[in-house]
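Let's walk through a protein model together, one question at a time. Keep the picture open while you read.

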Amino acid sequence: MKKILVIHGPNLQLLGSRKPSVYGRVTLPAINRSLQATARALKLELTILQSNHEGEIVETIGSARKRFAGILINPAAYTHTSVAIRDALEAAALPTVEVHLSNIYAREAFRQHSLMAPVVSGQLAGFGPDSYRLGLTALAGLLAVKRRKG
Ligand code: DQA
């Protein structure tokens, strides 16, 4: 089974109570349960990390290359600020899907730029918790194409 690293960035542990008008009422454990169900259907194995620490995220991505086939990441606020996470993703050079619950392009100007976007395979934003499920499905598709190409 292919192994996928799932990373939830800062403050996403607060989902459910954090700004429900933007992020909805679904909690992070509920998102993770739904991701696990999708992963089972896609025959993928997930390792899930939520971290509020840039260094921990950088280190986890840094050791991902040999252990994982792909990465699903919501870098949260680090999307807009972290050159370190961007560089770690670039160095890992794994198929990577960036997801956001909200449509970052319809929000404040500072959220409308993703430092990650140029180094990921693709991005999904604006579908609420469904962004994760769609993102994992997209990642499975990328891995299948890679396998066919050899
Ligand atoms: C977010 C969007 C970011 O701008 C914000 O800092 C988050 C969550 C999203 O999923 O919509 O924490 O990544």
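Buried means under 20% relative accessible area, exposed means over 50%, and partly exposed is in between (1.4 Å probe, protein chains only). This is a predicted model, where local features need pLDDT of at least 70 and side-chain atom pairs count only at pLDDT 80 or more, while totals for chains, interfaces and linings use all residues. Residues are numbered from 1 along each chain as its sequence is written, and side-chain values use heavy atoms, with hydrogens and water left out.

Q: Is Thr-27 buried, partly exposed or exposed?
A: Thr-27 sits in the loop between helix 1 (20-23) and helix 2 (28-42). Helices here are DSSP runs of H or I with at least four residues, strands are runs of E with at least two, and both are numbered from the N terminus. The relative accessibility of Thr-27 is 33%, so the label is partly exposed.

Q: How far apart in space are Thr-27 and Pro-129, C-alpha to C-alpha?
A: Along the sequence, 102 residues separate Thr-27 and Pro-129. In space, their C-alpha to C-alpha distance is 9.0 Å.

Q: Which pattern of helices and strands does the protein chain follow along the sequence?
A: The protein chain has five helices and five strands.

Q: Why is the protein chain called as compact as a globular protein of its length?
A: Here you compare two numbers: the radius of gyration, taken over C-alpha atoms, and the globule rule, which is 2.2 Å times the number of residues to the power 0.38. The rule gives 15 Å for 150 residues, and the chain comes close to that, so it counts as compact as a globular protein of that length, with a radius of gyration of 14 Å.

Q: What share of the 150 residues counts as buried?
A: The C-alpha trace spans about 45 × 30 × 25 Å along its principal axes. Of the 150 residues in the chain, the buried share is 45%.

Q: Is Ala-76 buried or exposed?
A: Ala-76 is in the loop between strand 3 (70-74) and helix 4 (83-92). Its phi is near 50 degrees, a positive value in a residue other than glycine. With a relative accessible area of 13%, Ala-76 is buried.

Q: Is Lys-43 buried or exposed?
A: Look in the loop between helix 2 and strand 2 (44-50) for Lys-43. Phi is positive for Lys-43 too, near 60 degrees. Its relative accessible area is 60%, so Lys-43 is exposed.

Q: How many salt bridges does the count come to?
A: One of them pairs Asp-130 with Arg-133, with the closest N and O atoms 2.9 Å apart. By the 4 Å rule, the count comes to six.

Note on methods: A salt bridge is a side-chain nitrogen of Lys or Arg within 4 Å of a carboxyl oxygen of Asp or Glu.
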